[in-house]
Amino acid sequence: MFRLLRFFSIASLFAFIVVTLVLGLWYRNLAVNDLIEQEESKNVALTKAFANSLWSEVAPYLAATAEFDADRLLPDPQIKELRQSILAQMQGLSVVKVKIYDLNGRAVFSTQLDQIGEDKSDNAGYQAGRAGGVASELTHRDTFSAFEGEIEDRDVLSSYIPFRNNRQTGAIMGVFEVYSDVTPLLTKVNNTQRQIMVGVALILGALYLGLFFIVRHADRIIVRQVEERKQVYQELTQQQRALAMLQERERLARELHDSLGQILGFMNVQTQAARQLLAKGKNQDADQLLLRLHDVAKTAQTDVREQIMNLRSGSALDSDFRTVLHDYMEQFTNFSNIKVDLVGMEQIAAIEMSPQVEIQLLRIIQEALTNVRKHAQAQRITISLAVQSAQIHVVVEDDGCGFDLATTVGAENGYHIGLNVMRERAEEVGGRFAINSQPGRGAKVTVDLPIQPALAALFI
């Protein structure tokens with residue numbers, strides 16, 4: 001049975017977590033991108049301000065250091081003067097480091113002196129600035145060398161920005177790299193993200209509780225309806241079983257009545273004939289006739305016992321089908337001295353047959369065994385059961401004398417009558433019947449029955 005409440009609880013919890021995480025990450029992504037964009041704009045504006053206010057110092061310095069190597073850059077007294085001028089410009093701002101690169105990618109200036117002379121010509125950010133664009137990157141630094149010494153556990157935005165002449169209209173003279181400390185801003189983003197996720201979680205939690213009570217009520221209604229349907233189905237199955245058993249008893253009673261009527265009629269005629277022979281003094285002929293009557297009576301007794309055994313087994317179908325069939329196999333073996341092997345019963349245990357199919361399946365097997373006992377002279381019978389799609393596949397095979405189908409099918413004998421009975425029973429529930437046999441090679445009866453027959457077949 002479908003567990004609606006369990007499915008809803010698991011699915012809702014998963015959706016709850018996913019939606020909360022997605023919304024939180026979505027907000028953070030937007031906020032961080034907006035932060036980078038704003039800080040980048042500020043750094044561009046700062047770079048322009050630096051270029052305008054410090055151009056008189058930066059331009060001569062770039063020209064003077066164009067041919068210098070790293071060793072000559074470090075002791076240059078202009079570096080200290082330029083550093084003091086930049087530090088004065090950065091007072092009160094979030095900028096923590098500034099670098100200046102010439103057109104060859106060489107760091108000709110850095111507020112961190114030991115980085116002067118580094119080659120960044122292959123750096124993607126520098127290349128973007130060298131081409132006239134702006135590139136920024138947000139990174140977290142465990143330690144960072146700033147103007148005022150080492151700082152720890154900071155989020156830093158670095159921007160590569162081109163600078164031109166003092167009017168910012170001429171050719172690119174170099175690239176500024178400006179580092180901004182955005183830790184407070186990013187902390188604010190993180191706090192807002194947590195607040196949004198908590199708010200979303202509370203809203204979804206309230207929605208979940210409301211839906212939970214609705215779904216729980218619906219689940220109880222479904223469970224109650226399923227139980228009611230199950231009870232109705234059980235009652236209907238019991239009624240069908242009782243009706244099928246009643247119809248089967250009536251059918252067996254008619255068969256028993258017809259069989260006994262024929263036998264008793266035959267015995268009555270033969271008894272009168274024996275009396276006439278005795279009256280004429282033909283004692284030997286009368287004795288032969290009485291011996292034949294004895295054989296007929298013995299056969300009739302056997303048939304009646306077997307029919308009663310079949311009737312009792314059919315009456316026991318209100319219990320488990322496997323138990324009924326197994327008990328009947330034991331009774332048949334004791335009654336006929338023929339060994340019966342039953343194969344595939346575990347497959348039948350995994351399905352639920354309709355009462356009509358159970359009864360017809362049992363009767364077909366009984367009729368097949370009766371035919372074998374009467375006509376096949378067999379020592380062993382194998383009954384194979386299998387479930388194929390929505391059908392039960394039954395094979396009853398013996399090691400007896402077999403027969404010629406061409407001659408037996410058209411004959412009016414007991415074997416032919418038994419075959420017709422099995423065929424009629426199979427077709428009564430919408431099944432199929434087939435038999436294969438050759439003289440000296442035994443016989444094989446094959447029956448395919450639907451697990452649940454069509455309704456139309458039940459009223460044929």
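This briefing walks through some charges, helices and contacts in the structure above.

The model is predicted, so please keep its confidence rules in mind: local features need pLDDT of at least 70, side-chain atom pairs count only at pLDDT 80 or more, and totals for chains, interfaces and linings use all residues. Residues are numbered from 1 along each chain as its sequence is written, and side-chain values use heavy atoms, with hydrogens and water left out. Helices (H or I, at least four residues) and strands (E, at least two) are DSSP runs, numbered from the N terminus. Buried means under 20% relative accessible area, exposed means over 50%, and partly exposed lies in between (1.4 Å probe, protein chains only).

**Salt bridges**

- Side chains of opposite charge can pair when their charged atoms come close.
- A salt bridge here is a side-chain nitrogen of Lys or Arg within 4 Å of a carboxyl oxygen of Asp or Glu, and the count by this rule is 6.
- One of them joins glutamate 39 and lysine 42, with 3.3 Å from N to O.
- Glutamate 39 and lysine 42 sit 3 residues apart in helix H1 (residues 4-64), so about one helical turn separates them.
- Glutamate 39 is buried because its relative accessibility is 4%, whereas lysine 42 is partly exposed at 43%.
- Aspartate 102 and arginine 106 also meet in a salt bridge, again with 3.3 Å from N to O, and both of these residues are buried.
- Arginine 154 pairs with aspartate 181, and their closest N and O atoms are 2.7 Å apart.
- That pair links distant parts of the chain, since arginine 154 lies in strand E4 and aspartate 181 in strand E5 (residues 174-181), 27 residues apart.
- Arginine 154 is partly exposed, with a relative accessible area of 24%, while aspartate 181 is buried at 15%.

**A negative surface patch**

- Asp142, Glu150, Glu152 and Asp153 form a negative surface patch.
- Patches are made of residues with over 30% relative accessible area and no salt bridge; like charges are joined within 9 Å, and nonpolar side chains (Val, Leu, Ile, Met, Phe, Trp, Tyr) within 5 Å.
- For the charges, Lys and Arg count as positive and Asp and Glu as negative, with His and the chain ends not counted.
- Strand E4 (residues 149-163) supplies the largest share of the negative patch, 3 residues.
- Glutamate 152 is placed in strand E4 and counts as exposed because its relative accessible area is 59%.

**Helix H9**

- Helix H9 (residues 355-376) has 22 residues and should span 32 Å at 1.5 Å a residue; its end C-alpha atoms are 30 Å apart, which agrees.
- The expected span of a helix is 1.5 Å times one less than its number of residues.
- H9 is mostly covered, with 18 of its 22 residues buried.
- Glutamine 377 follows H9 and has a positive phi, near 55°.

- Valine 95 is in strand E1 (residues 95-101) and is buried because its relative accessibility is 3%.
- Valine 95 and valine 182 are 87 residues apart in sequence, and their C-alpha atoms are 9.2 Å apart in space.
- Valine 223 belongs to helix H5 (residues 183-279) and counts as partly exposed at 27% relative accessibility.
- Between valine 223 and leucine 4, which are 219 residues apart along the chain, the C-alpha separation is 9.4 Å.

How values were computed. Areas by Shrake-Rupley, 256 points an atom, 1.4 Å probe, with all protein chains shown as cover. Charge placed at Lys NZ, Arg CZ, Asp CG, Glu CD.
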